Amino acid sequence: MAGGKIIFIPLGGAQEVGASCYFLKLGENNLLLDCGEGRTRGIKFSPKFSALLDTPYLQDFHQVSHIFLSHAHLDHSAALPDFLELNERAAIYMTDLTREILSAQLEERFASIEKNISSVAFLQKIPLPQMKISFHQAGHIPGAMMTLINFRGKNILYTGDYSTFPTQLVGSALLPDVKIDILILCGLHARHPHYRRYGDTDAALKKILRKIFLALSWRKSVYCQVTQISKGVELISLINKFLPHAEIFIDEQVMKIVRRFENLHIPIMREQNHPLSHFPREPHVILSTRPPPPRTGFEILKGDFSLHDDFSATVDFVRRINPKICVVVHSPPDKIFHAGMTLEQVLINDPDSRTSFIFPRTGEPFEL
Ligand SMILES: [Zn+2]
Ligand SMILES: [Zn+2]
């Protein structure tokens, strides 16, 4: 095989969210970017690792030497134990914060990957044969990193999930100060032209806060089921900020993550926040990972919202980086039929853009 080729194959999380895992071959180096789990109708699935062995690019999983893990959300991280069953030697790189949040989420499964993890810091550089790698703040959630790889003079940036706006818990993404040739973009809203944030706050989040405010003013308690444990932490901070008098009761799953944040000196809890041991009489908010109990009287809410750039921020981001090639992954189609222009269609009409786009399918190899 020629020494300088760059081959990219998504093993999951291509034109959908879930099981994000991207194979990147840089000459003789075989890497994975993320290794997450997917879910359809409650059933978990792993990336299609076996698809790699159907290609001429890999004969044995032990040839994969390094895994770069962008952040602790399970759609990017929870299949690590599965991959280590195929290759117990792979070295995994992530930030300390990601490691903390991940260990709380994977619980006993974390033990099987712990010895393979090396912690990295933002702006830290690690030299590997034929490449230089560095890590950059991605926004989105605490600990999230972008991975920049310099291979044979080309700069390849994998964004992971990122946000160019600050959230309650973390600042905005900080881009490396180099010209990017190949951008591997987790473009959640790249095909959702109508999805728009309002300032720093997602519309869904504003709705949640408004519903909590109204319920409490009617002296009604709120049961809010969070879809991702780490979003529970985000919600606590936001409720504390915007509804400072609300009493919040937090289930033990979310509390576990709260404690990890606090261990790393990111304060979350305040006086009005309590671990959930009973449902008190006064109007209050319950944040839980479990479905609500069959008890009437609660205002029931789904604690789901987006920590991603909206459509126009995604366009601006790619326009600003202006890579030669943009591989768009983590990019589900719009639910609205004939929704309007996609990221690609907007930038094709921009005379200053030099970017050609690839929207790969899972298992489909590309030479970049
Ligand atoms: Zn994420
Ligand atoms: Zn994601």
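Colleague: Two residues are in contact if their C-beta atoms, placed from the backbone, lie within 7 Å. Leaving aside neighbours within four places in sequence, which residues is Pro275 in contact with?

Modeller: Pro275 is in contact with Ile250, Glu252 and Met255, once those neighbours are left aside. A caution first: this is a predicted model, where local features need pLDDT of at least 70, side-chain atom pairs count only at pLDDT 80 or more, and totals for chains, interfaces and linings use all residues. Residues are numbered from 1 along each chain as its sequence is written, while chains are lettered from A and ligands numbered from 1 in the order in which they are written.

Colleague: How many residues apart in sequence are Pro275 and Glu252?

Modeller: They are 23 residues apart in sequence. In space, their C-alpha atoms are 6.9 Å apart.

Colleague: Where does Pro275 lie?

Modeller: Pro275 lies in strand β16, residues 273-275. Strands (E, at least two residues) and helices (H or I, at least four) are DSSP runs, numbered from the N terminus.

Colleague: New topic. How many residues of helix α6 are buried?

Modeller: 11 of the 14 residues of α6 are buried, so α6 is largely enclosed by the rest of the structure. Among them are Ile229, Lys231, Glu234 and Leu238. The helix runs over residues 229-242 and reaches 20 Å from its first C-alpha to its last.

Colleague: At what angle does α6 pack with helix α7?

Modeller: About 70°, with their axes 8 Å apart. Axes are lines fitted to C-alpha atoms, for helices over the stretch in contact, and angles run from 0 to 180 degrees between N-to-C directions. α6 and α7 are therefore roughly perpendicular to each other. That word covers 65 to 115 degrees; under 35 is roughly parallel, over 145 roughly antiparallel, and the rest oblique.

Colleague: Which residues meet there?

Modeller: From α6, Ile229, Ser230, Gly232, Val233 and Ile236. From α7 (residues 252-263), Gln253, Val254, Ile257, Val258 and Phe261. The residues of this contact divide into 7 nonpolar, 3 polar and no charged. Nonpolar means Ala, Val, Leu, Ile, Met, Phe, Trp, Tyr, Cys and Pro; charged means Asp, Glu, Lys and Arg; the others, Gly among them, are polar.

Colleague: And α3 with α7, at what angle?

Modeller: They pack at about 160°, with their axes 9 Å apart. α3 and α7 are therefore roughly antiparallel to each other. The contact is made by Glu100, Ile101 and Ala104 of α3 and Lys256, Ile257, Arg260 and Asn263 of α7. By class, there are 3 nonpolar, 1 polar and 3 charged residues.

Colleague: How many residues of α3 are buried?

Modeller: 8 of the 11 residues of α3 (residues 96-106) are buried, so α3 is largely enclosed too. The buried residues of α3 pack against α1, β7, β8, α6 and α7.

Colleague: What follows α3?

Modeller: Glu107, with a positive phi near 50°. Arg41 has a positive phi too, near 45°. Arg41 lies in the loop between β4 and β5. Arg41 has 4 C-beta neighbours inside 10 Å, so Arg41 counts as exposed.

Colleague: Last one. Where is Gln130?

Modeller: Gln130 is in the loop between β9 and β10. Phi of Gln130 is positive, near 70°. With 14 C-beta neighbours inside 10 Å, Gln130 counts as partly exposed.

Definitions and conventions:
The expected span of a helix is 1.5 Å times one less than its number of residues. A residue is buried if 20 or more other C-beta atoms lie within 10 Å of its own, exposed if 12 or fewer, and partly exposed in between; C-beta atoms are placed from the backbone.
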